[in-house]
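Please load the entry shown below in your viewer and keep the selection panel at hand. The tour goes from one selection to the next and says what is to be found at each stop.

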Amino acid sequence: MAGNQTFTMIKPTAFRKNYAGSIIQLITAAGFRIRAMKLTRLTAAQAGAFYAVHQGRPFFDSLVEFMSSGPIVAMVLEKENAVEDFRTFIGATNPANAAEGTVRKLYGTDLQQNAVHGSDSDENAVIEADFFFSKLERY
Ligand code: ATP
Ligand code: MG
């Protein structure tokens, strides 16, 4: 899977605002194929485990609260150069700094509620996909 797949989540605010359909449309139109997808809600403990790399940062507790505040859509996506291409496609972490036409620019609310997650390396894409999906749930 390394190199071809990435993991994404549509974050709680974007889902609550009913942007999931529009975001998935952009993702597939950009050439990413959906290999796994589910609507689910993280507990605070699960959100903390998912973002464990940020433990100790000033925004960690708030991030955990936010990410467990409502349903998210989790997906495994496939495309050549998936991780890097998806990060470019979603735009900068802060929607205010994201390029025009990117998902975060179009659908992000603020730095924390930035519409979508995207894996930052092939290694983390594997870890994050395994966090949400069994082999039976991937196609
Ligand atoms: P993600 O990991 O969700 O794809 P990212 O890789 O662009 O985002 P990270 O630095 O990994 O950015 O931060 C993880 C998430 O934590 C951000 O997407 C955002 O929701 C939140 N976050 C990051 N920095 C801040 C901050 N200074 N204040 C509030 N929230 C923040
Ligand atoms: Mg990150």
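Which polar side-chain atom lies 2.5 Å from an oxygen atom of ligand 1? Select Thr-93 together with the ligand, and the polar atom in question is found in the side chain of Thr-93; a polar contact here is a pair of N or O atoms within 3.5 Å, and within protein one atom must be able to donate a hydrogen and the other to accept it, while residues adjacent in sequence count only if both atoms are side-chain atoms.

Before going further, note that this is a predicted model, in which local features need pLDDT of at least 70 and side-chain atom pairs count only at pLDDT 80 or more, whereas totals for chains, interfaces and linings use all residues. Residues are numbered from 1 along each chain as its sequence is written, chains are lettered from A and ligands numbered from 1 in the order in which they are written, and side-chain values use heavy atoms, with hydrogens and water left out.

**The ligand site**

Now select the 13 residues around ligand 1, of which Tyr-51, Arg-87, Thr-93, Gln-112 and Asn-114 come nearest; a residue is near if one of its heavy atoms lies within 4 Å. Coloured by class, this shell shows 4 nonpolar, 6 polar and 3 charged residues, where Ala, Val, Leu, Ile, Met, Phe, Trp, Tyr, Cys and Pro count as nonpolar, Asp, Glu, Lys and Arg as charged, and the others, Gly among them, as polar.

**Two positive phi angles**

Next, select Asn-18, which is found in the loop between helix H1 (12–16) and helix H2 (20–29); helices (H or I, at least four residues) and strands (E, at least two) are DSSP runs, numbered from the N terminus. Asn-18 has a positive phi of about 70° although it is not a glycine, and it counts as exposed because its relative accessibility is 67% (buried means under 20% relative accessible area, exposed over 50%, partly exposed in between, with a 1.4 Å probe and protein chains only).

Move to Ala-115, in the loop between helix H6 (103–107) and strand E4 (116–118), where phi is near 75°, again a positive value in a residue other than glycine. Is Ala-115 buried or exposed? Ala-115 is buried, with a relative accessible area of 1%.

**Buried positions along the chain**

From there, select Gly-118 in strand E4, which counts as buried at 3% relative accessibility. Its C-alpha atom is separated by 11 Å from that of Val-103, 15 residues apart along the chain.

Phe-86, in helix H5 (residues 82–90), counts as buried at 1% relative accessibility; draw a C-alpha to C-alpha distance to Ala-20, 66 residues apart in sequence, and the value is 16 Å.

Val-76 belongs to strand E3 (residues 72–78) and is buried, with a relative accessible area of 1%, while Lys-17 is 59 residues apart from Val-76 in sequence and 22 Å apart in space, C-alpha to C-alpha.

Finish at Leu-42, in the loop between strand E2 (33–40) and helix H3 (44–50), where the residue is buried with a relative accessible area of 5%. Between Leu-42 and Lys-105, 63 residues apart in sequence, the C-alpha to C-alpha distance is 25 Å.
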